Amino acid sequence: MIRVEGLRKSFADVRAVDGVDLNVEQGEILVLLGQNGAGKSTTLRCLGGILRPDAGTISLDGFRLPEKLSEVRSRLGVVPDQARLYGRNTAPEYLDHFGFLYGVPAGVRKKRIAALLERFELADRADTVLAAYSRGMAQKVALIRATLHEPDWIFCDEPTAGLDPVAAADMRRYLGEQRERGAALIVTTHVLGEAELMADRIAIMKRGRIVKSGTLEELRAESGQGRKFLAALAAEPRDAESLRTWLRDHTLDFTLDGDRLTYIIPWDTQVAARGELASALQRELSSHGAPFHELEEEQISLEAVYLQAMAAAESLPAVRGGQEGAPKVTESLPAARGGQEGAPKVTESLPAARGGQEGASTSSPPAISGIPAREMFGSIRKQGRMLGHALPFYVSSWWRRGDLSWVMYLNAFVLLLVGGTSLFGQLPGQAGQVAQRFAGAQALQAGLLLPLFFMSFALLESIKSSIGIWWEKAQQSLEVLLYTPVDDPSLIWLEVLPGAMVSTVWVTLWMAAGMAMLTFFGESAPWDLLPVFAFVAAVTSYWAAMGRMLGFMLFPREGASGGAWSFLLSPVSAAVADLPLALFVFRSPFATASLLLPIVACVALTVLCGVTFDRERLMETGVGRTRRKRVWFATGVVRRNVAALAAGVLLAIVPAGVAAALTSNANLHSWSEVAGSAGIGQHDSSGIAYEPVANTTSPTSGVTVAAAGLAGVVGTLALMLLLMVVSFAAFFLLGLPAVLGVMTASVLWGIQLGFGGRAPLEGWLVGATGFALLALALNTGAALPIYWSLVFGSGRRLDRLREAWSSYWALYRSLVIPACALFGLVVFRLLAAG
């Protein structure tokens, strides 16, 4: 059975579910009714384990959530509000994929799929891709997917919405078959007629609360004064007053209007007593010359019950955040089908505050600690079977997308360019001579392959969004995957490993083709670099996929994680993977050791992605019910982070002050003197002196001003982007590059400041770079809380990281961008002045 007590779930300041209590017995269908936004879908998602309740207890056949969530998922089937199918697959392929995820043996799932497709009259469409299915057909496939593993609990969110009457009736019959099998079902719907036809019990929700629940018979009894009967008389009674006296003695209420009689008797009147009363009434009416020729009971419709419950709920206060005033609904044990006694008792009391105060059975939600590093890496050994199934399934979907043809054409074109260039023996013209002198012939041939490498990898990445969670989230089918019994580490590897393997094979094949092309034209191909190209492709793809997963955690919007996040990761990816590739191409002695950089970076990113992983975060869209007003200068955020900002500025001021003082005391006036005093180079200080250059500035022209303005704008934007990239790059290395970078830049700036006004380019190197250093210091201070959360975080690390990133963007907007603008203004002033 399904038992829910005191369930609460809030999103920001909106409480979507507020104290819900439910009981669903084995072999029973509970229908949840309510308006849009009443909390029905949120309730089902909490019961399915993809949303964490703020308070309350959820138990399915004694399995408490979330402690026993892994045991529950394999026995749970869910039909979301939309079918959410994979449009490029056929129904048998799609159902076989989910049958595998639910652990149904291959032979069993093949027989069940064939039988269920025949049952729903879809067998003749087995070779048609799901994108061509009608909505009714898609809903049938979704229902087959949810019941293929014969679950014990089935949740259906508006399964008949948009279906024609025939398809809706077939859907109800199938749900009835699942009930007869012994499953417990919860179905949400807006169609009251559907609820009357399928429900054993009904619960009506409004504003996240259950305002009324029980069997249909119980709800009718609760909504009306009693059983209402309508009698059509043969004529008007001769002595109406005498008849009214008789009716007052035998009924609760009545209305006599000519030849129409309506009377009400107690709801619990048994069938035999109802028959005896009808006989006595017929005798009484006959004595007045007006026997009835038609007598029927006027049933209270579910619509009347629903509207009455909605009207009663209007008087209850709306709850936002954690306000009090929610009704507590307690139910008696459910009556057996057929309407036995046991009507629900509705009483109002103040709800317990979040955290388990008196008045409700609640349990505090566990802190989200993510996936420990040992568990994350240890789970790789278990991914062989999953990868063996998922890789061909995803790649076949990717192949059917149709983009592979133009990717192959472009790759082939670049391959021919490599072959044509190799005919020259080197790059043509002066560029070839320079490259020959700098790199040597062997390195030059490897350099010819670099365009092919980057083109093949970039083109594949551009169409590889049809693999993994990125694809699931983009087409809104991720919810279906999250209900499956795939554990958290496997969800991450499902995003990372198939893409990495595809990229490695794809790039290796094209690079081998390029080397074969070089060999064909008589050039010496660097075959020893083929494993390096394959390694770099694997690492870069791994980094990109793991970065996307981290983006899903930190930035719930699919667009943010797929756009800005990936764009900002690109320079980091290039530094991590392409640097070793360049060292191998140019035969550097440090090439082999440089492989440690991408390996360590990928390990660090994997650990970070694991500790911040939160399944609920994958479901977020980043769209709230209310839009907060954005303030350009976030005074409150600046005030809260003043210590971090001060630390960032001190990281710049202290090294700069020390460097300037030492330079001035040593009477150094140029960088050559600094190099000489440090023993790096030789310097003759006998006769060198720097005199100020006379001001011979000519009148400024309009072209000069325009060019200076453009340079100032470009400088501002370039500095803004550079600082953003620095923050993202430092994020993966615990902030060390940012801290060391600001200190190094401060020392260099302090040395230049110590040269005094007689040094060349003093205005540029002190004035303009001073504002750049200020922007760097403020940017580092704004990011310090992020690095602090990474190093010293504990408990709900993800929430603190998100808060730190949110504060960083506010500080970036409030302080860093103005500092960058000042840098641009100084650049403009210096250039405009000549």
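## Close-up views of a predicted model

View 1. Asp 61 is partly exposed, with a relative accessible area of 37%. In this predicted model, Asp 61 lies in the loop between E4 and E5, and its phi is positive, about 50°, although Asp 61 is not a glycine. Most residues other than glycine have a negative phi, and most peptide bonds are trans. A cis peptide bond, with omega of about 5°, joins Leu 65 and Pro 66, and Pro 66 is found in the loop between E5 and helix H2 (69-73).

View 2. The strands follow the order E2-E1-E4-E5, and their pairing is antiparallel. Strand E2 (14-24) and strand E5 (63-65) are the edge strands, each of them pairing on one side only, and from one strand to the next the twist averages 25°. Between strand E1 (residues 2-11) and strand E4 (residues 55-60) the antiparallel pairing runs over 5 bridges, with Glu 5 standing opposite Thr 57 in E4. Helix H1 (residues 40-48) packs on this sheet, where it touches E1, E2, E4 and E5, and the direction of H1 makes about 115° with that of E1.

**View 3. A salt bridge between Arg 52 and Asp 614.** The side chains of these two residues meet in a salt bridge, at 2.7 Å from N to O. The pair links distant parts of the chain, since Arg 52 is in the loop between H1 and E4 while Asp 614 is in the loop between H24 and helix H25 (615-619), 562 residues apart. Both Arg 52 and Asp 614 are buried. Side chains of opposite charge can pair when their charged atoms come close, and the structure holds 26 salt bridges.

View 4. Glu 196 forms a salt bridge with Arg 220, in which the closest N and O atoms are 3.3 Å apart. Because Glu 196 lies in helix H7 and Arg 220 in helix H8, the pair ties together parts that are 24 residues apart in sequence. Arg 220 is buried, with a relative accessible area of 12%, whereas Glu 196, at 34% relative accessibility, counts as partly exposed. A further salt bridge joins Arg 227 and Glu 217, with the closest N and O atoms 2.9 Å apart; here the pair links Arg 227 in strand E11 (residues 227-233) to Glu 217 in helix H8, 10 residues apart. Arg 227 counts as buried at 7% relative accessibility, while Glu 217 is partly exposed, with a relative accessible area of 25%.

View 5. Arg 207, in the loop between E9 and E10, has a positive phi near 55° in a residue other than glycine, and Arg 207 is partly exposed, with a relative accessible area of 32%. Asp 268 is found in the loop between strand E13 (260-265) and helix H10 (271-287), and at 58% relative accessibility Asp 268 counts as exposed. From C-alpha to C-alpha, Asp 268 and Ala 221 are 8.6 Å apart in space, although 47 residues separate them in sequence.

**View 6. The largely enclosed helix H3.** Of the 11 residues of helix H3 (residues 91-101), 8 are buried, so H3 is largely enclosed by the rest of the structure. The buried residues of H3 include Tyr 94, His 97, Phe 98 and Phe 100. Just after H3, Gly 103 takes a positive phi of about 80°.

**View 7. A nonpolar patch on the surface.** The patch is formed by Phe 377, Ile 380, Ile 599 and Val 603, which together have about 290 Å² of accessible area. Val 603 lies in helix H24 (residues 596-611) and, at 38% relative accessibility, counts as partly exposed. For the chain, the accessible surface comes to about 38,000 Å², of which 61% belongs to carbon and sulfur atoms.

Methods: Residues are numbered from 1 along each chain as its sequence is written. This is a predicted model: local features need pLDDT of at least 70, side-chain atom pairs count only at pLDDT 80 or more; totals for chains, interfaces and linings use all residues. Side-chain values use heavy atoms; hydrogens and water are left out. Patches are made of residues with over 30% relative accessible area and no salt bridge: like charges are joined within 9 Å, nonpolar side chains (Val, Leu, Ile, Met, Phe, Trp, Tyr) within 5 Å. Accessible areas come from the Shrake-Rupley method with a 1.4 Å probe; for residues, only the protein chains shown count as cover. A salt bridge is a side-chain nitrogen of Lys or Arg within 4 Å of a carboxyl oxygen of Asp or Glu. Helices (H or I, at least four residues) and strands (E, at least two) are DSSP runs, numbered from the N terminus. Buried means under 20% relative accessible area, exposed over 50%, partly exposed in between (1.4 Å probe, protein chains only). Two strands pair if DSSP finds at least two bridges between them. Axes are lines fitted to C-alpha atoms, for helices over the stretch in contact, and angles run from 0 to 180 degrees between N-to-C directions. Contact means heavy atoms within 4.5 Å.
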